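Q: I'd like to learn how to read a protein structure, one feature at a time. Can we go through this one together?

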Amino acid sequence: MVLHSNIIGEGQPLVILHGFLGMSDNWKTHGRQFSEQGFQVHLVDQRNHGRSFWDNNFSYEVLAEDLKYYCESHNLNNIVLLGHSMGGKTAMLFATQYPEMVSKLVVADISPRFYPVHHDAILEGLNALDFDVVKSRGAADKLLSNYVSDFGTRQFLLKNLYWIEKGKLGLRINLEVLKEEVAEVGESLPSHARFERAALFLRGDRSEYIGVGDETIISNHFPESQIVTIANAGHWLHAENPKDFFEAVLKFIE
């Protein structure tokens with residue numbers, strides 16, 4: 001099955017991959033901006049997310065295969081590939097496996113290393129949403145606030161809400177599988193994986209996902225990489241400082 005996507009504009013293909021529990025819609029504003037700069041932007045939903053298919057298999061290997069099949073189905077080559085967080089890990093693996101398909105790689109706030117599971121409270125909160133009882137976005141937010149105190153994070157998560165039918169809410173994510181396979185999200189890039197072309201790693205100055213120790217790991221896998229810090233931004237750097245994020249990416253990919 002081919003991943004769902006929203007395609008905007010004409011020009012060199014720029015494929016954007018969202019993070020864990022996100023969706024392509026999170027990138028609509030940036031997608032429009034990049035399309036205005038002469039790129040054909042592909043905002044892709046990864047499996048078990050957004051409007052893409054659900055499947056019990058979930059690992060970076062299958063996410064990278066999904067992307068390869070997507071690119072082949074749309075006759076894409078020489079792509080610019082941008083991924084945030086989990087999407088960044090998918091992008092890294094894809095670029096190291098199929099370097100001939102990727103002209104430039106952009107990774108937003110994630111390193112190739114292993115990360116321990118840290119989404120427990122979020123997954124527990126989403127799991128607590130009983131849609132026989134929860135009948136509105138406001139009610140969902142109120143319940144979720146018992147598990148996730150940060151308003152911005154809750155708004156991000158609640159983008160997954162949709163009306164299955166009149167009066168019945170549901171989640172676009174395959175919560176059952178994502179809960180079961182959450183450890184896969186932290187998996188490291190294989191030790192031998194290398195991508196010899198230009199790569200840009202962006203980190204938020206308030207984020208701890210890319211630390212000083214990660215610089216060596218990144219250059220081992222991506223010898224032609226550079227790391228740029230986005231000011232006034234945490235892990236969701238593209239949402240927290242969209243202007244500087246957009247300008248940094250554009251400068252690199254043009």
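A: Helices (H or I, at least four residues) and strands (E, at least two) are DSSP runs, numbered from the N terminus. Buried means under 20% relative accessible area, exposed means over 50%, and partly exposed is in between, with a 1.4 Å probe and protein chains only. A word on the source: this is a predicted model, where local features need pLDDT of at least 70, side-chain atom pairs count only at pLDDT 80 or more, and totals for chains, interfaces and linings use all residues. Residues are numbered from 1 along each chain as its sequence is written, and side-chain values use heavy atoms, with hydrogens and water left out.

Q: Which residues of α6 are buried, and what do they pack against?

A: In α6 the buried residues are T153, R154, F156, L157 and L158. They pack against α4 (120-127), α5 and β6 (161-165).

Q: How do I read the way two helices pack, and what is the angle between α2 and α3?

A: Axes are lines fitted to C-alpha atoms, for helices over the stretch in contact, and angles run from 0 to 180 degrees between N-to-C directions. Angles under 35 degrees count as roughly parallel, over 145 as roughly antiparallel, 65 to 115 as roughly perpendicular, and the rest as oblique. Here, helix α2 (residues 60-73) packs on helix α3 (residues 86-97) at about 70°, and their axes are 9 Å apart. The two helices are therefore roughly perpendicular to each other.

Q: What is the handedness of the crossing of α2 and α3, and which residues meet there?

A: A crossing is left-handed if the near helix is turned anticlockwise from the far one by less than a right angle, and right-handed if clockwise. α2 passes α3 in a right-handed crossing. On the α2 side you'll find Y60, E61, L63, A64, L67, K68 and C71, and they meet M86, K89, T90, L93, F94 and Q97 of α3. Sorted by type, the residues of this contact are eight nonpolar, two polar and three charged. For that sorting, Ala, Val, Leu, Ile, Met, Phe, Trp, Tyr, Cys and Pro count as nonpolar, Asp, Glu, Lys and Arg as charged, and the others, Gly among them, as polar.

Q: What does the packing of α1 and α10 look like?

A: α1 and helix α10 (residues 242-253) pack at about 40°, with their axes 11 Å apart. That makes α1 oblique to α10, and their crossing is right-handed. H30, Q33 and F34 of α1 meet P242, F245, F246, V249, L250 and I253 of α10. This contact has seven nonpolar residues, two polar and no charged.

Q: Now for charges: how many salt bridges does the whole structure have?

A: Side chains of opposite charge can pair when their charged atoms come close. A salt bridge is a side-chain nitrogen of Lys or Arg within 4 Å of a carboxyl oxygen of Asp or Glu. A search of the whole structure finds eleven. One of them joins R51 and D25, whose closest N and O atoms are 3.9 Å apart. R51 lies in the loop between β3 (39-44) and α2, and D25 in the loop between β2 (12-17) and α1 (28-36), so the pair ties together parts 26 residues apart in sequence. R51 is partly exposed at 44% relative accessible area, and D25 is partly exposed at 23%.

Q: Are R47 and D66 buried or exposed?

A: Both R47 and D66 are buried. Their side chains meet in a salt bridge, 2.7 Å from N to O. R47 sits in the loop between β3 and α2, and D66 in helix α2, 19 residues apart. R47, D55 and D66 are linked in a network of salt bridges.

Q: What about D141 and R154?

A: D141 forms a salt bridge with R154, and the closest N and O atoms are 2.6 Å apart. D141 belongs to helix α5 (residues 137-144) and R154 to helix α6 (residues 151-158). Both D141 and R154 are buried.

Terms used
Contact means heavy atoms within 4.5 Å.
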